[in-house]
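The entries follow the order in which I got curious.

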Amino acid sequence: MSAQPVPFRVEFPEPALADLRERLARTRLPDQAPGDPWAYGTNVEYLRGLLDYWRDGFDWRVHEARLNAFPQYKVRLHGIDVHYLHVQGKGPNPQPLLLSHGWPGSVLEFMKLIPMLTDPASFGGDPADAFTVVVPSLPGYGLSFAPGQQRFSLEMIADCFAALMHDVLGYETFAAQGGDWGGFITSRLGHAHPGKLIGIHINLLALRRDPKMLENPTPEEARFAEELNVFIKEEMGYQWIQGTRPQTLAFGLTDSPAGLAAWIIEKFRGWSDCGGDVESVFTKDELLANITLYWLTGAIGASFWPYYARMHGPWPIPDGGVKVPMGYCQFPCEILRPPRSVAQKMYTDIRRWSVMEKGGHFAAMEQPVALAGEIREFFRPLR
């Protein structure tokens, strides 16, 4: 018999928030290296202003209340307590949909997107497109973390989420969507649990990052190979340290809120369609709510584990391994944009391939209207 879900509300104790403010007041910042202030990582002056607002202007309780406005639960699965949102759709026959986030994100990424999917009529859509949405915190992330718990690989997370949807919630079949690690998890679900999936939709492709994989490339494939080479040279440092020495990095980011903010904010700036101005896309409050969730849960070290498991294990999805119907959104500022000719070596049933006009890696936050529309369009004929 499956474990029974228990209703859950987020409510961090006030002393934890007071401790955060005290630590922020004692921050010791490094000097700024010469040249472009973002060239070597997070800009010191930008971070100084963000930390001042975090200490004196940011109200975590507002974001806690936003999260608590959605029905939340915890359930014992695969040896840990898994946190998830379970939001019923408003329509004649809502389709169950699993949404999976990635790193350095959280369930807070989906706050704008969830109502658009569960209640499309309120946003000018067709109630027949409604979804009942399940949004778990990845094992080891946020509210699915407890000190000392076992660590999960991507394969283990996919199995856990399949059990959540099928065994705990009783959905014989369901849809799945994700970006970042969520794109890998969703793809792994399509490979390992095809009988449970009506289809998958992703906004990051789970493809091997091998710059030698293309021989006699088309112009589009050559563009991707160059993009990949630049990414490996300039952008993969975080993956090497998180994937080889996650415990060492965790000391600094678990003890210093400034360090944690600097580590995460660089990714939101670098991976979004913001033209170098991160607050042109995200508000300070949106950025800090996500960072604060990492801080209050102490989960940053455990959140690195999929990188370690990925670097020390086999590729989670073999070539040609995803045979369920697949849809994909290519946002222009995504960290990598493989062409369809490369993607179809892994995804054998691509039904929808959309090239978007604007947006980046954090699509659910950056372009929720566009992403919701793509999810509805892809899954409509599969219901």
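**Entry 1: Ile-291 and its surroundings**

I started with Ile-291, which touches Trp-54, Leu-260, Ala-261, Ile-264 and Ile-265 once residues up to four places away in sequence are left out. A reminder to myself: this is a predicted model. Ile-291 is found in helix α11. Buried or exposed, I wondered about Ile-291? Its relative accessibility is 0%, so Ile-291 counts as buried. I also checked Ile-291 against Ser-106: the two are 185 residues apart in sequence, yet their C-alpha atoms are 9.3 Å apart in space.

**Entry 2: α2 against α11**

The axes of α2 (residues 44-56) and α11 (residues 284-297) come within 11 Å and cross at roughly 75°. With angles of 65 to 115 degrees counting as roughly perpendicular, that makes α2 roughly perpendicular to α11. Sorted by class, the contact of α2 with α11 has seven nonpolar, one polar and two charged residues.

**Entry 3: helix α9, both faces**

Next I went through helix α9 (residues 246-255) and wrote down its buried residues: Pro-246, Leu-249, Ala-250 and Leu-253. Looking down the axis of α9, I see these buried residues fall within an arc of 110°, so they line one face of the helix. The face turned away from that buried side carries the exposed residues Gln-247, Thr-248, Phe-251 and Asp-255. I noted Phe-251 in that exposed set; in soluble globular proteins, nonpolar side chains tend to be buried together.

What do the buried residues of α9 pack against? My list reads α8 (237-244), α10 (257-271), α11, α12 (300-303) and α13 (305-311).

I followed up on α10. The axes of α9 and α10 come within 5 Å and cross at roughly 115°. That makes α9 roughly perpendicular to α10. Leu-249, Leu-253 and Asp-255 in α9 meet Pro-257, Gly-259, Leu-260 and Trp-263 in α10. By class I have five nonpolar, one polar and one charged residues for the contact of α9 with α10. Leu-260 had already turned up in my notes, as one of the residues that Ile-291 touches.

**Entry 4: the core**

I then looked at the largest nonpolar core, which has 126 residues. Which members touch the most others in this core? Trp-103 and Tyr-347 do. Helix α5 (residues 154-168) gives the largest share of the core, with 10 residues.

Pro-104 sits in the loop between β4 (95-100) and α4 (113-118).

On the phi side, I flagged two residues. His-78 has a phi near 50°, a positive value in a residue other than glycine, and its place is in the loop between β2 (72-77) and β3 (80-87). Asp-180 has a positive phi of about 55° although it is not a glycine, and Asp-180 lies in the loop between β6 (174-178) and α6 (181-192). I looked up how accessible each one is. His-78 is at 39% relative accessibility, so it counts as partly exposed. Asp-180 is at 9%, so it counts as buried.

Thr-132 is found in strand β5 (residues 131-136). At 4% relative accessibility, Thr-132 counts as buried. Leaving aside neighbours within four places in sequence, I found Thr-132 in contact with several residues, among them His-86, Val-87, Pro-94, Leu-97 and Tyr-171.

Where is Gly-148? I found Gly-148 in the loop between β5 and α5, and at 77% relative accessibility it counts as exposed. Gly-148 and Val-133 are 15 residues apart in sequence and 30 Å apart in space, C-alpha to C-alpha.

Last stop was Gly-170, in the loop between α5 and β6. At 46% relative accessibility, I put Gly-170 down as partly exposed.

Notes
Residues are numbered from 1 along each chain as its sequence is written. This is a predicted model: local features need pLDDT of at least 70, side-chain atom pairs count only at pLDDT 80 or more; totals for chains, interfaces and linings use all residues. Side-chain values use heavy atoms; hydrogens and water are left out. Helices (H or I, at least four residues) and strands (E, at least two) are DSSP runs, numbered from the N terminus. Buried means under 20% relative accessible area, exposed over 50%, partly exposed in between (1.4 Å probe, protein chains only). Axes are lines fitted to C-alpha atoms, for helices over the stretch in contact, and angles run from 0 to 180 degrees between N-to-C directions. Angles under 35 degrees count as roughly parallel, over 145 as roughly antiparallel, 65 to 115 as roughly perpendicular and the rest as oblique. Ala, Val, Leu, Ile, Met, Phe, Trp, Tyr, Cys and Pro count as nonpolar, Asp, Glu, Lys and Arg as charged, and the others, Gly among them, as polar. A nonpolar core is a set of buried Ala, Val, Leu, Ile, Met, Phe, Trp, Tyr and Cys residues joined through side-chain atoms within 4.5 Å. The arc is that of the directions from the helix axis to the C-beta atoms. Contact means heavy atoms within 4.5 Å.
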